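Hello,

Here is the structure I promised to pass on to you. Have a look at it first, and then read on for what turned up in it.

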Amino acid sequence: MTEPVLSVRDLNVGFRTSRGLAHVVNGISYDVQPGETLAIVGESGSGKSVGTLALLGLLPPGVAKVSGSAVFAGEELIGRSEEKLRPIRGAGIGMVFQDPMTSLNPVLTVGRQIVEAVRAHGPMPKAAARARAEELLAEVGIPDPRSRADAFPHQLSGGMRQRVMIAIALAGDPKVLIADEATTALDVTVQAQIIELIGRLQSEHSTGVIWITHDLGVVAGIADHVLVMYAGRCVEEGSVDELFDRPVHPYTRGLLGSMPLVDDPRPARERDPLSTMPGLPPDPVRLPPGCSFYPRCTIRADERCRTEVPPLVPIAGSSDRHRAATFYAPEGV
Ligand SMILES: Nc1ncnc2c1ncn2[C@@H]1O[C@H](COP(=O)(O)OP(=O)(O)OP(=O)(O)O)[C@@H](O)[C@H]1O
Ligand SMILES: [Mg+2]
């Protein structure tokens with residue numbers, strides 16, 4: 001196996017709140033290989049965004065408490081000064097943020113914003129940066145990039161804005177691209193185009209991609225490796241095939257159970273209602289002493305689950321990269 005381009009180990013993020021420290025990311029570890037897609041999935045609030053923003057020092061200083069390790073191209077990111085992180089943002093690790101409307105500046109044309117991203121990665125004359133910006137717009141599939149570069153964000157459709165965000169993220173030719181819910185707000189056709197686009201750029205440049213989503217349908221189509229997060233912990237990880245064919249953790253099984261069958265031939269009104277998981281994740285200020293999923297678990301929640309945190313361990317009969325954090329892996333799955 002090749003050297004990972006990004007290695008995250010035991011990453012923890014806490015937020016100082018008036019009620020105490022909120023533990024929102026709790027001991028996450030993963031590797032990103034060049035040219036591969038790692039999907040991070042989990043329900044809202046599970047720490048997917050915060051866990052990646054922490055890598056780039058993008059959490060509010062003084063409020064966020066980050067520990068652990070994240071080695072990118074041989075260099076430790078955690079604890080690095082703002083000044084030393086700046087060249088890594090964009091040129092090393094590009095990020096497509098979750099909400100394009102708040103991440104794009106509404107009073108600057110998109111061309112200007114891409115030019116700024118291009119010039120942030122090295123001095124370049126204005127005209128050359130403008131040409132590069134148009135080239136990037138063309139690369140992300142925006143027709144007539146010369147005139148579109150003069151548009152303001154509100155003059156573009158949601159899909160176009162998302163492409164602009166990708167163009168900005170690609171301006172520094174990053175080795176890792178983090179796409180945070182990059183297609184969630186888009187209709188399925190545009191979603192498919194964006195996924196196809198990132199896949200093509202990824203294979204051309206051998207970019208490692210972290211794809212953050214709660215849409216398991218998307219994950220099945222694009223991911224190599226999947227990491228399932230619950231209450232800031234990784235509860236299961238494995239290759240996309242292992243995870244879909246043989247989910248072990250009750251949370252993963254629940255997530256897959258609540259996924260609609262894409263090829264269900266029945267009309268929508270005749271299909272079974274999606275199974276949903278009753279209950280809510282725990283309060284991150286008062287994490288329970290044992291398994292965070294214990295109160296919602298339908299498989300076998302007992303005294304041990306209530307008091308001990310189950311470690312992430314390899315699953316018997318799977319590859320050693322398929323691991324789950326449960327004391328009671330169901331047999332014969
Ligand atoms: N600046 C902040 N201060 C305090 N708590 C925060 C802050 N930012 C995020 N959080 C909390 O951290 C937790 C994880 O948030 P995060 O945004 O990573 O979730 P997520 O998994 O990305 O969810 P979604 O799918 O909705 O995007 C949440 O409980 C959130 O309320
Ligand atoms: Mg998020």
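**Salt bridges**

Arg-200 is partly exposed, with a relative accessibility of 32% (buried means under 20% relative accessible area, exposed over 50% and partly exposed in between, with a 1.4 Å probe and protein chains only). Before I go on, please note that this is a predicted model, in which local features need pLDDT of at least 70, side-chain atom pairs count only at pLDDT 80 or more, and totals for chains, interfaces and linings use all residues. Residues are numbered from 1 along each chain as its sequence is written, chains are lettered from A and ligands numbered from 1 in the order in which they are written, and side-chain values use heavy atoms, with hydrogens and water left out.

The partner of Arg-200 is Glu-204: the two form a salt bridge whose closest N and O atoms are 3.6 Å apart (a salt bridge is a side-chain nitrogen of Lys or Arg within 4 Å of a carboxyl oxygen of Asp or Glu). Both sit in helix α8 (residues 188-205), four residues apart, so about one helical turn separates them. Helices (H or I, at least four residues) and strands (E, at least two) are DSSP runs here, numbered from the N terminus. Glu-204 is partly exposed too, at 49%.

By that rule the model holds 16 salt bridges. One of them joins Glu-82 to Arg-89, with the closest N and O atoms 3.1 Å apart. Glu-82 is partly exposed at 40% relative accessibility, whereas Arg-89 is buried at 18%. Another links Glu-303 with Arg-306, and there the closest N and O atoms are 2.7 Å apart. These two are three residues apart in helix α12 (residues 303-307), so they too are separated by about one helical turn. Glu-303 is partly exposed at 47%, and Arg-306 is partly exposed at 36%. Elsewhere, salt bridges with shared partners connect Arg-130, Glu-134, Arg-146 and Asp-150 into one network.

**The largest pocket**

The largest pocket holds about 560 Å³ of space. For the method: on a 1 Å grid over the protein atoms alone, a pocket is an open set of points where a 1.4 Å probe fits, with protein on both sides within 12 Å along at least five of seven lines, and lining residues have an atom within 4 Å of a point. Grid points are joined across faces, edges and corners, and the volume is the space filled by probe spheres set on the points.

The lining has 21 residues, and those closest to the pocket centre are Arg-89, Gly-90, Phe-97, Ala-117 and Ile-168. Two or more lining residues come from each of β6 (93-96), α4 (110-119) and α7 (158-170). By type, the lining has 12 nonpolar, six polar and three charged residues (Ala, Val, Leu, Ile, Met, Phe, Trp, Tyr, Cys and Pro count as nonpolar, Asp, Glu, Lys and Arg as charged, and the others, Gly among them, as polar).

The partner of β6 is β7 (residues 176-180), paired in the parallel sense over four bridges, and Met-95 stands opposite Ile-178 in β7.

The other open sheet has four strands in the order β2-β1-β4-β5, with antiparallel pairing. Its edge strands, β2 (20-32) and β5, each pair on one side only. Between β1 (residues 6-17) and β4 (residues 64-72) there are eight antiparallel bridges, and Arg-9 has Ser-69 in β4 as its bridge partner. β4 pairs with β5 (residues 75-76) in the antiparallel sense over two bridges, with Phe-72 partnered by Glu-75 in β5. β4 and β5 form a hairpin with two residues between them, and Ala-73 in the turn has a positive phi of about 45°.

**The magnesium site**

Which atoms coordinate the magnesium ion (ligand 2)? They are OG of Ser-49 and OE1 of Gln-98, at 2.0 to 2.4 Å. Donors are N, O and S atoms within 2.8 Å of the metal (3.2 Å for Na, K and Ca), and water is not among the atoms, so sites may look incomplete. Ser-49 lies in helix α1 (residues 48-53) and Gln-98 in the loop between β6 and α3 (100-103), so the pair ties together parts that are 49 residues apart in sequence. Ser-49 is buried at 18% relative accessibility, while Gln-98 is partly exposed at 43%.

Best wishes

Technical notes: Pairing = 2+ DSSP bridges.
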